Amino acid sequence: MAPALSSSVFCFLPLFLTFYCSLVLSASERRAVAHDDNMKEHVQSNKFLANEASDDSLGFPTLNAEALANTRCPKQVELRWQTEVSSSIYATPLITDLNTDGKLEIVVPSFVHYLEVLEGSDGEKLPGWPASHQSTVHSSALMYDIDKDGIREVALATFNGEVLFFRPSGFLMGEKLVVPRRRVRKDWYVGLSPDHADRSKNDVHDDSLIDLNTIAPLNNTYSIHGTNASLAGNNTLQQSGPAPAVSTGSHASSQNVTKRRLLEEPEKEATVENDDSNVLEDDADSSFDVFRNAEEIAEDHGDQGLLDHDTYDYDDYVDESMWSDDSWSEAQHLKEADFIDIDAHILCTPVIADIDKDGVDELIVAASYFFDREYYDLPEHAKELPDGLDISKYVGGSIVVFNLDTKQVKWTVELDLSTDSVSYRAYIYSSPTVVDVDEDGFSEIVVGTSFGFLYVLQHNGTLKEPFPLLMGEIQGQVVAGDINDDGKIEIVGADVRGNVAAFTGDGKELWTVHLKSIVAQGPTIGDVDGDGHTDVVVPTASGKIFVLRGSDGVFVAPFPFRTHGRVMAPALLVDLNKRKAERKGLTIAVTSFDGYFYLIEGSSGCAEAIDIGETSYSMVLADNVDGGDDLDLIVTTMNGMAVATTREECSGKQD
């Protein structure tokens, strides 16, 4: 994170700073939401926010266990093993050869306290494990050789904003990556009004701009190659969403709570802002006109001009109107006490990739910033905060990129800022997607936020125009792939209002579909029905699983398939046709809150329902974990159960 601005900077060049502060403040304002009135006008004009998740209140079909057990599809899945772990599992496990011995293990991130490893062959716990992560976990494990000794370690991001590394033996290494706190003005939210969020012209020298002392959301923004990252692009957007139900480890609680409490309070509002950087430049130039015209001013006063430094009176050459604004005063002499550092948390899985093609891998973290109420409600922890601080006023989101060679932060881009009392809050629940959107050889970072923004950042952190785009609150991962078979990458996002939208890499909308149900997880892309064209699979909280044609979003028959409970996990597409050449397409493997997990044939819609008796937030995994010929399916649940089943009929591979 960039350091706080010191008072010496403000005193160094007063005239320039008048312009500079206006520039930064206007950018910060447009990314900040303090109350819902800031959002109303844009909610009314945005088609995504006009939609509601109306099907979620209709209820579910009556569960007939006997009928499910006797579906027209013959049941060919058998239980191989099941193992209980220490706590609930919200993140998808990782299947990997941990010890490089040719055998597969399953790395399970238990929600509270422990990282566990199970042997793929029988589900037994691997010696040396579990290892304590001393927090809570919303992310899957990753594999990376952090100490460059030729052996990959297990990397795990925790709720406390740390990335820990474990050796294959279960030993916790001393090395770790820590996401820095986010620094903002303590009073950034003061004075924000409906006018603040609905400004069609630039704020610099705008007579309608309220006093800088009352708004002054001069939150710190990292500078990339001398360019303020928050000012990249002409369009900036804002929105916020419901707070997650999370607890900590050192900030931890053993209480099993859901990853998000999103079902009770669907989002309502959002805002779009337009900026014209040319206006900023013109206003900056006009600020220096007094010096450019100094000789003319001097002649009017009968002096020799600025050439005689001993005789001129500085006041004779200054336009008095420049100093008439009360904003030039204490607001620019900020002190350390005027800022607050917000705790960093990680609510999703980071990504490892060499995004800038320099031969060094980066770790891309989507960080959320807030003060965990459960932690600070304890008197001994409340002492860590300044007296009288209202912790509900500070919620933020950023993308933080680490250099995995130096283990230092390479750059940070601060995205959104809100309070915790608005309908839309600045959390980031879903993992970034790293992909070369524009085919320039460098990777972009695609991420959705609970503000409803779909961001695309270039490899150096600058915003790719015309992003961000505005949808409803995005909780699932934004995915990317060639969905219309044109050889180019498209971007697909879904929100909790039931909207699914596809965009080209340059931000043009391809199609939108309203599914009328909360979509809490990202879509999955593949040729579901075997017709040679790519489809998009979207599970919903109404229990329906939709398949949309990638080219235009049209429903693919015979879908949607409806389960008897909410579907809160991503769908897995897996090829189960190796021994059945006449079959086409992929099989959808997904769990439902009705206590079953389903295998649905993409070509026919025929389903097998396997009773696991528990609910799940994590994706089903498929691999030959026992080294045999049959494909094994791994299911993990909220009750802390890991289940391995085998499909005896055939083997295959996951998509």
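Select Asp 147 and Arg 167 to begin: their side chains meet in a salt bridge, with N to O at 3.0 Å. A salt bridge here is a side-chain nitrogen of Lys or Arg within 4 Å of a carboxyl oxygen of Asp or Glu. The two residues are 20 apart and belong to distant parts of the chain: Asp 147 sits in the loop between strand 7 (142-144) and strand 8 (153-157), and Arg 167 in the loop between strand 9 (162-166) and strand 10 (172-178). Helices (H or I, at least four residues) and strands (E, at least two) are DSSP runs, numbered from the N terminus.

This is a predicted model, in which local features need pLDDT of at least 70, side-chain atom pairs count only at pLDDT 80 or more, and totals for chains, interfaces and linings use all residues. Residues are numbered from 1 along each chain as its sequence is written, and side-chain values use heavy atoms, with hydrogens and water left out.

Now look at how much cover this pair has. Asp 147 counts as partly exposed because its relative accessibility is 24%, and Arg 167 is partly exposed at 28%. The classes are buried (under 20% relative accessible area), exposed (over 50%) and partly exposed in between, with a 1.4 Å probe and protein chains only.

**Next stop: Asp 341 and Arg 183**

Select Asp 341 and Arg 183, another salt bridge, where the closest N and O atoms are 2.8 Å apart. The partners are 158 residues apart and link distant parts of the chain, with Asp 341 in strand 16 (residues 339-342) and Arg 183 in strand 11 (residues 182-185). Arg 183 is buried, since its relative accessible area is 13%, whereas Asp 341 is partly exposed at 25%.

**Lys 125 and Glu 116**

Select Lys 125 and Glu 116, whose side chains form a salt bridge of 3.4 Å, N to O. Which of the two is buried, and which is partly exposed? Glu 116 is buried, with 1% relative accessibility, and Lys 125 is partly exposed at 39%. Across the whole structure, a search finds 23 salt bridges.

**A charged patch**

Select Glu 439, Asp 485, Asp 486 and Asp 531, which gather in a patch of negative charge on the surface. Patches are made of residues with over 30% relative accessible area and no salt bridge; like charges are joined within 9 Å, and nonpolar side chains (Val, Leu, Ile, Met, Phe, Trp, Tyr) within 5 Å. Asp 486 is partly exposed, at 40% relative accessibility.

**Val 554**

Move to Val 554, in the loop between strand 32 (544-549) and strand 33 (561-562). Val 554 has a relative accessible area of 38% and so is partly exposed. Leaving out residues up to four places away in sequence, Val 554 touches Val 547, Leu 548 and Arg 549; contact means heavy atoms within 4.5 Å. Show Thr 512 as well: its C-alpha atom is 9.6 Å from that of Val 554, although the two are 42 residues apart along the chain.

**The whole chain**

Zoom out to finish. The chain has 10 helices and 41 strands. Of its 655 residues, 57% count as buried. Among contacts in the chain with a separation of 6 or more, 63% come from residues 24 or more positions apart.

Definitions and conventions. Accessible areas come from the Shrake-Rupley method with a 1.4 Å probe; for residues, only the protein chains shown count as cover. Lys and Arg count as positive and Asp and Glu as negative; His and the chain ends are not counted. The place of a charge is taken as NZ of Lys, CZ of Arg, CG of Asp or CD of Glu.
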